[in-house]
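Hi,

Here is the structure for you to look over. My notes on what turned up follow below it.

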Amino acid sequence: MKINLKNRCLVTLVALAVLLWVPTGSLYAQQIRVITTIPDLADMTRQIGKDLVSVESLAQGVEFMHAVPIKPSFVPKLNRADLLLLIGLDLEISWLPALLEVANNPRILRGQPGYVDCSVRVNVIEVPALLDRSGGDIHPKGNPHYNLDPVNGKVMAETIAAALSRNFPQHQQVFEKNLKAYLAELDRWIPRWQEMAVPLKGVKIVPYHLEWSYFAKRYGLEQVGTVEVRPGIEPTPNHIVELVQKMKQEKAQLIIYGPQSDRFPRQLASETSAKALKLPDMVGGEPQADTYIKMIDYNIRTMVGAVKGS
Ligand SMILES: [Zn+2]
């Protein structure tokens, strides 16, 4: 076959492209690409998938997980993902569905095996009797902040391992072995945390956003109100006046906030005897809380320290 100069150039270019592409392709094709919505799920996926997975979280720990700022880089990440892990219960509803539409990756659309809703096996609390978004409530399917209770952490890890095995059965044994090791580690921590948290029993708290309910239930804290009027609704002056009264009556000890501004927590602290405490609500919310286990440990330790110091 006679190849003219133009075609020869083309052949060279294609060959070069193939040569350049193959090493990169083969390097990354080995790893399962996982995208998670929050860093807690990313940390657990790393513990279970180890070097079989490459994992990235779309949300950063310091952001408000209901309203993650969308970056253009999210689209190619979702487009290439083999698995998408999310918290579910509509936590990500204001930012994830639009991204999934643009990313155009049929593997990770709702209903597909690559779409993994980690709430499926969680015992959800604060489920409203009627599904109603009319008041602007951003917890229409119950409280989605189940990650703050480490017993739910075990359920999340199991769901992640099952999803990895279902999608990549050739590695099932590795995932199961790593899951077992991770659950054993959590099982060593959970009784320690239970003991550490004893001084929190009966402590009255006012979270900014209704996200400490699972934690409060686990360790016996009492929530006497929230800084927000309702989940997602910023306080009105009237609400603050009523809240101050309630906090004084109930002798609330802590105001807990995370990615929100400290303006209202400080105001409430100055008008009552409660302390304002900033705590991470997901991994990476504080530099010391860079794994799931460290985050739970940091939260309990810091809260106990604040209660004992008061
Ligand atoms: Zn929430």
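The second largest pocket has a volume of about 190 Å³. It is lined by 13 residues, and Leu86, Asp90, Pro97, Arg110 and Tyr115 are the closest to its centre. Two elements each give two or more residues to this lining: helix H4 (96–103) and strand E4 (115–117). H4 supplies the largest share, three residues. By class, the lining splits into seven nonpolar, one polar and five charged residues. Keep in mind that this is a predicted model.

Now the largest pocket. Its volume is about 220 Å³. Of its 11 lining residues, Arg33, Ile35, Ser54, Glu56 and Arg80 lie closest to the centre. Strand E1 (32–36), strand E2 (53–57) and helix H3 (74–80) each contribute two or more residues to the lining. Here the classes are five nonpolar, two polar and four charged.

Then the metal. The zinc ion has four protein donors: His66 (NE2), His139 (NE2), His145 (NE2) and His209 (NE2), at 1.9 to 2.0 Å. The site is tetrahedral, with angles of 107 to 111° among the four donor atoms. Along the sequence, the donor residues follow the spacing H-x72-H-x5-H-x63-H. His66 sits in the loop between E2 and H3, and His139 in the loop between E4 and helix H5 (150–167), so this pair ties together parts 73 residues apart in sequence. Are these two histidines, His66 and His139, buried or exposed? Both are buried.

Best wishes

Definitions and conventions. Residues numbered from 1 in each chain as written. Predicted model: local features only at pLDDT ≥ 70, side-chain atom pairs only at ≥ 80, totals over all residues. Heavy atoms only, no water. 1 Å grid on protein atoms, 1.4 Å probe; cavity = no way out; pocket = protein on both sides within 12 Å on 5 of 7 lines; lining within 4 Å. Points joined across faces, edges and corners; volume = space filled by probe spheres on them. Helix = DSSP H or I, 4+ residues; strand = E, 2+ residues; numbered from the N terminus. Nonpolar A, V, L, I, M, F, W, Y, C, P; charged D, E, K, R; others polar. Donors = N, O, S within 2.8 Å, 3.2 Å for Na, K, Ca; no water. Tetrahedral: all angles 85-135°; square planar, octahedral: opposite > 155°, others 65-115°. Buried < 20%, exposed > 50% of the residue type's maximum accessible area, 1.4 Å probe, protein only.
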